[in-house]
Amino acid sequence: MRRRTRVLLAAGLVVAAAASGCGLTSGSPMADDVRPGTIGRGEPLRGAELTVTSKSFTEQLILGAIMGIAFEAAGAEVLDRTGIQGSIGSREAVRKGDADAGYEYTGTAWITYLGRSEPIADPHAQWEAVREADAKNGVTWLEPSALNNTYALAMNQANHKKYRTNTLSEVAALSKSDPGAVTLCVEVEFANRADGLPGMEKAYGMDVPAKDVTQMDTGIIYTQVAKGSCVYGEVFTTDGRIKSMNLVVMQDDKNFFPNYNAAPMVNSKALKKWPAIPEILDPISRKLNNSVAQDLNAKVDVDGEDPHQVALDWMKEEGFVQ
C-alpha cells in the first residue's frame, strides 16, 4: 500500500474519513473570481454542481484546488471537499458518487485500490491498465500527467561531487567498491516494504549493512541529507524540498519503483452527465510534471503559502483561467 503521509505546513480543509467509507461530513463552496482562459470557454459546465475531493497532503490539496478552479472557470458551482485523511476516503467518495472527481495516482490505484501486486513498468501502460480495470467500478480515468510522485534516493551537492553517482546502478556499484560510502536515511516503512529498500537492493544487487541504514521521519530525511549526515536519503520525486535544498536525485535506471502518475479520476455517471470535463482537465494534466509539482509544493512546504492560493496563482500564470 502506497504511503502518502505528509506533514502540512499550511492549513487546508480537513475532512475526516472513516476507513469503512468516504466519511464526507463537511465542505465549503469554492468562490474564486475566475473566468475562462484557455480552458472553459463557453462555460460548458454552466449549471453543474460538482464536488472535488483530494487527500490531505500538500500536493493533493494543490491538485484538488486546481481541479476545482478549472471547473469554476467552466461555469460550475464547486463544493470543496479536499483534504480527506488517508488514501481510501477520497477514492471511495468518487467511486460512490459522494464526490465527482479528484486527482489520484496510477500506482496507488493499481496496488492499493485494485489489489494488484505487480506494478507495470511503462507509465502509460500502467495508466491504461488502471483505466480499464477501474471502469467496472464506475470510475473513469482521464489522461495522465507526467507528474510521477514516486520514491527515489537523493544526495546533496557536496556528496554528488565526491561520489559522482547519478543512477541507482551507480549507487549499487559504489556500495561494492566502497561499502562505507553508501549510508542511507529512510522511513521505517520504506525500510521494510517490498517496493522499498529490500526490493531496491534486490533489483540493483545492493547489500547495504543495517548499520549504514538509519530510519527516521520523512521530513528529517531531507535535512539530514542536505547536511550530509547520510549520503543518500529516500525522497518523493515531486517534493518541493528537493529543489529548495538543491538535492540531486538518482535515476531509477532499471525502473524498479512503481509509477505514481497523477491523473483525474472521475465518477463515470458525473462524466456522462457533463462530458466536457475531459476537455477542461486534459490541458492542465499535460502541463503537470515533476518540476512544476516541486515548485508548487515548495511554495507551501518551504515558503508557507496557502495551497489554494498557490493553485490559483499557477492557473492564472499559465493562462488557464483569468
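Guide: We'll take the disulfide, then the aromatics, then the cavity. Keep in mind that this is a predicted model.

Visitor: Fine. How many disulfides does a search of the whole structure find?

Guide: One disulfide turns up. C185 and C230 form it, with their sulfur atoms 2.1 Å apart.

Visitor: Which hand is the link of C185 and C230?

Guide: Left-handed, with -120° about the S-S bond.

Visitor: And what does the pair tie together?

Guide: C185 lies in strand β7, residues 184-186. C230 lies in the loop between α9 (218-227) and β9 (232-236). The pair therefore ties together parts that are 45 residues apart in sequence.

Visitor: Are those cysteines, C185 and C230, buried or exposed?

Guide: Both C185 and C230 are buried.

Visitor: Switching to rings. How many aromatic pairs are there?

Guide: The count comes to seven aromatic pairs. One of them is W314 with F320, a tilted pair. Their centres are 5.7 Å apart, with 55° between the planes.

Visitor: What about W314, buried or exposed?

Guide: W314 counts as buried, because its relative accessibility is 5%. F320 is buried too, with a relative accessible area of 6%.

Visitor: Which residues form an aromatic cluster?

Guide: Y151, F190, F236, F256 and F257 form one cluster.

Visitor: Which arginine lies over the face of W110?

Guide: R116 does, at 4.9 Å from the ring centre. Likewise, R241 lies over the face of Y222, at 4.2 Å from the ring centre.

Visitor: Which residues line the largest cavity?

Guide: The lining is made of E59, I62, L63, L147, L288, V292, A293, L296 and N297. Two elements give two or more residues to that lining: α1 (58-73) and α13 (290-301).

Visitor: Which element gives the most to the lining?

Guide: α13 does, with four residues.

Visitor: How does the lining divide into nonpolar, polar and charged?

Guide: Seven lining residues are nonpolar, one is polar and one is charged.

How values were computed: Residues are numbered from 1 along each chain as its sequence is written. This is a predicted model: local features need pLDDT of at least 70, side-chain atom pairs count only at pLDDT 80 or more; totals for chains, interfaces and linings use all residues. Side-chain values use heavy atoms; hydrogens and water are left out. Rings of Phe, Tyr and Trp (its six-membered ring) pair if their centres lie within 6.5 Å; planes under 30 degrees apart count as stacked, over 60 as edge-to-face and the rest as tilted. Buried means under 20% relative accessible area, exposed over 50%, partly exposed in between (1.4 Å probe, protein chains only). A charge sits over a ring if NZ of Lys or CZ of Arg is within 6 Å of the ring centre and within 35 degrees of the ring normal. A disulfide is a pair of cysteine sulfur atoms within 2.5 Å. On a 1 Å grid over the protein atoms alone, a cavity is a set of points where a 1.4 Å probe fits but cannot get out, and a pocket is an open set with protein on both sides within 12 Å along at least five of seven lines; lining residues have an atom within 4 Å of a point. Ala, Val, Leu, Ile, Met, Phe, Trp, Tyr, Cys and Pro count as nonpolar, Asp, Glu, Lys and Arg as charged, and the others, Gly among them, as polar.
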